[in-house]
Amino acid sequence: MSNAKVLVLLGSLRKESVNRQLAELATDVAPAGTTVELFDRLGEVPFYNEDIDNDDAPEPVRALRAAAAEADAALIVTPEYNGSIPGVLKNAIDWLSRPYGNSAFAGKPAAVVGAALGQYGGVWAHDETRKSFGIAGARVVEDLKLSIPAASFDGKHPRENAEVVSDLRDVVEKLVAEVG
Ligand SMILES: Cc1cc2nc3c(=O)[nH]c(=O)nc-3n(C[C@H](O)[C@H](O)[C@H](O)COP(=O)(O)O)c2cc1C
């Protein structure tokens, strides 16, 4: 689909995050006409609490849900923390999972990628994010996988690594192709 909008959710709040750099690269390699936009406010989203999950939910939550509602697809870019999903990302998924059965990403295609220091590139976090986001209602495209050991960046921006550029381009193109 041309003019598709892909919302990027980032599992790291760190300024120098390699996953933030991967998110930048996703913007670079997107097909012409596609908008790839990072929601860069996950650090402002409070812990999920059903008591405040109503029409008056905190503004960052409403902004997150509005961005998700506008998007045609989601690209999650995340490191692995202690063998699992970073809390900031899991919290965003929990907010996005509600209203139950009518979440903003319900049925929309999603892919999960990222980099981590370990030799498996954060694959546990990526597998668990696929599981969690799928339960939250997104249509996770299971085949679109990219878990990169951060050492392969050699301290440089991922756009300097031709294999990473090619692999991420493939993921973004296939994700956009999933948009109906
Ligand atoms: C709290 C914490 C837990 C971590 N746990 C893991 C882990 O389980 N597996 C792994 O490969 N790397 C782990 N790391 C290292 C991260 O992969 C590494 O710091 C990575 O660069 C973080 O991503 P970022 O650069 O996008 O912030 C951990 C880092 C932190 C801060």
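**A buried glycine and other labels**

Tutor: Helices (H or I, at least four residues) and strands (E, at least two) are DSSP runs, numbered from the N terminus. Keep in mind that this is a predicted model: local features need pLDDT of at least 70, side-chain atom pairs count only at pLDDT 80 or more, and totals for chains, interfaces and linings use all residues. Residues are numbered from 1 along each chain as its sequence is written, and side-chain values use heavy atoms, with hydrogens and water left out.

Student: What makes Gly121 count as buried?

Tutor: Buried means under 20% relative accessible area, exposed means over 50%, and partly exposed is in between (1.4 Å probe, protein chains only). Gly121 has a relative accessible area of 0%, so it is buried.

Student: Which residues is Gly121 in contact with, leaving aside its neighbours within four places in sequence?

Tutor: Contact means heavy atoms within 4.5 Å. With those neighbours set aside, Gly121 is in contact with Gly114, Ala115, Ala116, His126, Ser147, Ile148 and Pro149. Take Ile148: it is 27 residues apart from Gly121 along the chain, yet their C-alpha atoms are separated by 4.2 Å.

Student: And why does Gln21 count as buried?

Tutor: Its relative accessibility is 19%, so Gln21 counts as buried under the cut-off of 20%. Gln21 lies in helix 1, and, leaving aside neighbours within four places, it is in contact with Glu16, Lys156, His157 and Pro158.

Student: Then why is Leu38 called partly exposed?

Tutor: Leu38 comes out at 29% relative accessibility, between 20% and 50%, so the in-between label applies. Leu38 lies in strand 2 (residues 35–39) and touches Val8, Leu10 and Arg20, not counting residues up to four places away in sequence.

Student: How do you know that Asn82 is exposed?

Tutor: Asn82 has 83% relative accessibility, which is over 50%, so it counts as exposed. Its place is in the loop between strand 3 and helix 3.

Student: What joins Arg98 and Pro99?

Tutor: A cis peptide bond, with omega of about 0°. Pro99 is in the loop between helix 3 (87–96) and strand 4.

Student: How far does helix 5 reach, and what is expected?

Tutor: Helix 5 (residues 162–177) has 16 residues and reaches 22 Å from its first C-alpha to its last. The expected span is 1.5 Å times one less than the number of residues, and for helix 5 that is 22 Å, close to what the model shows.

Student: Why do you say that the buried residues of helix 5 line one face?

Tutor: They are Val164, Val165, Leu168, Val171, Val172, Leu175 and Val176. Seen down the axis of helix 5, these buried residues fall within an arc of 135° (the arc of the directions from the helix axis to the C-beta atoms), so they line one face. On the other side of helix 5, Ala162, Glu163 and Ala177 are exposed.

Student: What makes a set of residues a nonpolar core?

Tutor: A nonpolar core is a set of buried Ala, Val, Leu, Ile, Met, Phe, Trp, Tyr and Cys residues joined through side-chain atoms within 4.5 Å. The largest one here has 31 residues, and Leu22, Leu75, Val77, Leu168 and Val172 have the most contacts inside it. Helix 5 gives the most to this core, with 7 residues.
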